Amino acid sequence: MEEAANSAFDVYRELYYEGGVSSVYLWDQDDGFAGVVLLKKHSDSASGGGGVWDSIHVFEVAVAGKRSATYRFTSTVILSLDNKTPQLGSLDLSGNLTRQTERVMALEDPSKEAHSHVVNIGTLVEEIESRMRNVLNEVYFGKTRDIVDDLRTIETSTTISDERKLQSEVAKGLSGAA
């Protein structure tokens, strides 16, 4: 089953990460098995920055009969971004996010139990990563963008002042024409 999971996550990694590395490790437990899915992507940009995405999914599978199993996941994403430009200077943003998920899922074909487990684990990893990516994008990056936009700008204060004066003059001209 470990070989099948590694093959499946190799395809997943290529489709979702377009590179990087992935590994799946499994071990037996009294009432089922446990494992970990590891995904890593490192990227360098032409501007001198880059980023690293590490995704770690530790899970337990408790088999309940021949028709279903309980999957318990603890998933962590570690993200590190850095960028350096002459105009803005340097930025280093790093953090992590951890979530726990538990779900009972059907085993589609009892004669192919290992295949069903690989499909269920893959489905859960895909769902969990999608939710975590959305949280990172909406909450963390959205808030960071707001803060950076308030604190740092490429334009000089003179340019901003001139733009505000021009806006004020246009507004007065429009209200006088009405």
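Me: Which residue stands opposite asparagine 83 in S5?

Reply: Leucine 91 stands opposite asparagine 83. A word on the source first. This is a predicted model, where local features need pLDDT of at least 70, side-chain atom pairs count only at pLDDT 80 or more, and totals for chains, interfaces and linings use all residues. Residues are numbered from 1 along each chain as its sequence is written, and side-chain values use heavy atoms, with hydrogens and water left out.

Me: How many bridges join S4 to S5, and in which sense do the strands run?

Reply: The general idea: strands of a sheet pair through backbone hydrogen bonds, either parallel or antiparallel. Two strands pair if DSSP finds at least two bridges between them. Here, S4 (residues 68-85) and S5 are joined by 18 bridges and run antiparallel.

Me: What counts as a helix or a strand?

Reply: Both are DSSP runs, numbered from the N terminus: helices are H or I with at least four residues, strands are E with at least two. This protein has three helices and five strands. From the N terminus, the elements run α-β-β-β-β-β-α-α.

Me: What is the strand order in the sheet?

Reply: The order is S1-S2-S3-S4-S5, in an open sheet of five strands with antiparallel pairing. S1 and S5 (89-106) are the edge strands, each pairing on one side only. From one strand to the next, the twist averages 10°. Angles run from 0 to 180 degrees between N-to-C directions, and axes are lines fitted to C-alpha atoms, for helices over the stretch in contact.

Me: Which strands does helix H1 touch?

Reply: Contact means heavy atoms within 4.5 Å. H1 (residues 2-17) packs on the sheet and touches S1, S2 and S3. The direction of H1 makes about 150° with that of S1.

Me: How many residues lie between S1 and S2 in their hairpin?

Reply: Two residues lie between them. Nine bridges join S1 (residues 21-29) to S2 (residues 32-44), and the two run antiparallel. Across that pairing, tryptophan 27 stands opposite alanine 34 in S2. S2 also pairs with S3 (residues 50-64), antiparallel, over 13 bridges. There, phenylalanine 33 has valine 61 of S3 as its bridge partner.

Me: Where does glutamate 18 lie, and what is its phi?

Reply: Most residues other than glycine have a negative phi, and most peptide bonds are trans. Glutamate 18 is not a glycine, yet has a positive phi of about 50°. It lies in the loop between H1 and S1.

Me: Is glutamate 18 buried or exposed?

Reply: Buried means under 20% relative accessible area, exposed over 50%, and partly exposed in between (1.4 Å probe, protein chains only). Glutamate 18 has a relative accessible area of 64%, so it is exposed. Threonine 85, in strand S4, is partly exposed because its relative accessibility is 23%. Threonine 159, in helix H3 (residues 157-177), is partly exposed at 32%.

Me: Why does serine 116 count as buried?

Reply: Serine 116 counts as buried because its relative accessibility is 4%. Serine 116 is in helix H2 (residues 113-151). Not counting residues up to four places away in sequence, serine 116 touches Tyr71, Leu107, Glu108 and Asp109. A polar atom of the serine 116 side chain lies 3.3 Å from the backbone nitrogen of glutamate 108.

Me: Which residues is asparagine 120 in contact with?

Reply: Leaving aside neighbours within four places in sequence, asparagine 120 is in contact with Tyr71, Met105, Ala106 and Leu107. Asparagine 120 is also in helix H2. It counts as buried, at 6% relative accessibility.

Me: What is the radius of gyration of the protein?

Reply: The radius of gyration is taken over C-alpha atoms, and the globule rule is 2.2 Å times the number of residues to the power 0.38. The protein has 24 Å, whereas a compact globule of 178 residues would be near 16 Å. Along the principal axes, the C-alpha trace spans about 80 × 40 × 25 Å.

Note on methods:
A polar contact is a pair of N or O atoms within 3.5 Å; within protein, one must be able to donate a hydrogen and the other to accept it, and residues adjacent in sequence count only if both atoms are side-chain atoms.
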